[in-house]
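Subject: Predicted model, for your files

Hello,

Here is the structure I said I would pass on. My notes on it follow below.

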Amino acid sequence: METAGPPAAPGQPGQPGQPGPVLGLRSLSFAYQGLLEIPYEVILAQRDTLEVLDLSYNLLEESPALLGELEKLSTLILDCNSYSSHVKFPYMPSVTTVWINKNKIGNLPTFVEEIRSKFPNIKILSMMNNESAPSYFNGGSLDQYIDYRQYVISQIPSLKILDDTEVLEKERAQAKKTYRMQRTREGSKKRKELQN
């Protein structure tokens, strides 16, 4: 009679007589693992079913390029890592929720453009406790917080929730008005510079 050895390590193909990794998971968490790199081998083994991926509370800063293979992923949680404004995401139209609280995002326009272009169906974005998301929690004023919200909402019209607060229609209308006027001023300034 053959006895099975210890289970294979996650992501390692099972040896004869040993079970392999569990497949068909809809949710996977690598939170609090002290990871420096994304464990793609384990994650991509779930590419056909994975909907929620939690990589929070690690030391990640590399652009998560291979996550683009997860065609069913809807929620990506990257809280408490070391991602900067210059992170490059793959194009992921299935993703509707991104949490990237408490990272190192300092350049709001650069980061928001990346989110807008790579997650075209995003509805929930949370980026609290980043330098570029001023609030009472990190020393920002109420005016800075309102301006931050208006900018993000104007650039990502599909948002329903920003941080922990629902996007109201009157807020969306004000954001559109404020940032349309700013773009118009910037455009006329550029035209004047070109004429001189």
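Does S82 count as buried or exposed? At 18% relative accessibility, S82 counts as buried, where buried means under 20% relative accessible area, exposed means over 50% and partly exposed is what lies in between, with a 1.4 Å probe and protein chains only. S82 sits in the loop between β3 (75–77) and β4 (97–99). Apart from its neighbours within four places in sequence, S82 has contacts with L60, E61, N103 and K104, a contact being heavy atoms within 4.5 Å.

Before the rest, a word on the basis. This is a predicted model, in which local features need pLDDT of at least 70 and side-chain atom pairs count only at pLDDT 80 or more, while totals for chains, interfaces and linings use all residues. Residues are numbered from 1 along each chain as its sequence is written, and side-chain values use heavy atoms, with hydrogens and water left out.

Overall layout

The protein has 4 helices and 7 strands; these are DSSP runs numbered from the N terminus, helices being H or I of at least four residues and strands E of at least two. Read from the N terminus, the elements follow the order β-α-β-β-β-α-β-α-β-β-α. Of the 196 residues in the protein, 40% are buried. Among contacts with a separation of 6 or more, 50% are between residues 24 or more positions apart.

The sheet

The order in the open sheet of 7 strands is β1-β2-β3-β4-β5-β6-β7, and the pairing is mixed; two strands pair if DSSP finds at least two bridges between them. The edges are held by β1 (27–29) and β7 (165–166), each with a single partner strand, so one side of each has no neighbour in the sheet. Strand β2 (residues 52–54) runs parallel to β3 and is joined to it by 3 bridges. L53 stands opposite L76 in β3.

Helix packing

Helix α2 (residues 108–118) packs against helix α3 (residues 142–155) at an angle of about 30 degrees, with the axes 10 Å apart. Axes here are lines fitted to C-alpha atoms, for helices over the stretch in contact, and angles run from 0 to 180 degrees between N-to-C directions. The crossing of α2 and α3 is right-handed, that is, the near helix is turned clockwise from the far one by less than a right angle. On the α2 side the contact is made by L108, P109, V112 and R116, and on the α3 side by Y148, Y151, V152 and Q155. By class, this contact of α2 with α3 has 6 nonpolar, 1 polar and 1 charged residues. The classes are Ala, Val, Leu, Ile, Met, Phe, Trp, Tyr, Cys and Pro as nonpolar, Asp, Glu, Lys and Arg as charged, and the others, Gly among them, as polar.

Salt bridges

There are 7 salt bridges in the structure, each a side-chain nitrogen of Lys or Arg within 4 Å of a carboxyl oxygen of Asp or Glu. One of them is between E51 and R26, at 3.2 Å from N to O. E51 is in the loop between α1 (40–44) and β2 and R26 in the segment before β1, so the pair ties together parts 25 residues apart in sequence. E51 is partly exposed at 26% relative accessibility, whereas R26 is exposed at 55%.

E113 and R116 meet at 2.8 Å, N to O; they are 3 residues apart in helix α2, or about one helical turn. E113 is partly exposed at 36% relative accessibility, and R116 is partly exposed at 36%. K118 and E114 form a salt bridge at 2.9 Å, N to O, and are 4 residues apart in helix α2, again about one helical turn. E114 is buried, with a relative accessible area of 6%. K88, E114 and K118 are linked in a network of salt bridges.

Other residues

Most residues other than glycine have a negative phi. K102, in the loop between β4 and α2, has a positive phi near 55 degrees. D163, in the loop between β6 (161–162) and β7, has a positive phi near 60 degrees. D163 is buried, with a relative accessible area of 8%.

K177 is in helix α4 (residues 169–195) and is partly exposed, with a relative accessible area of 48%.

Regards
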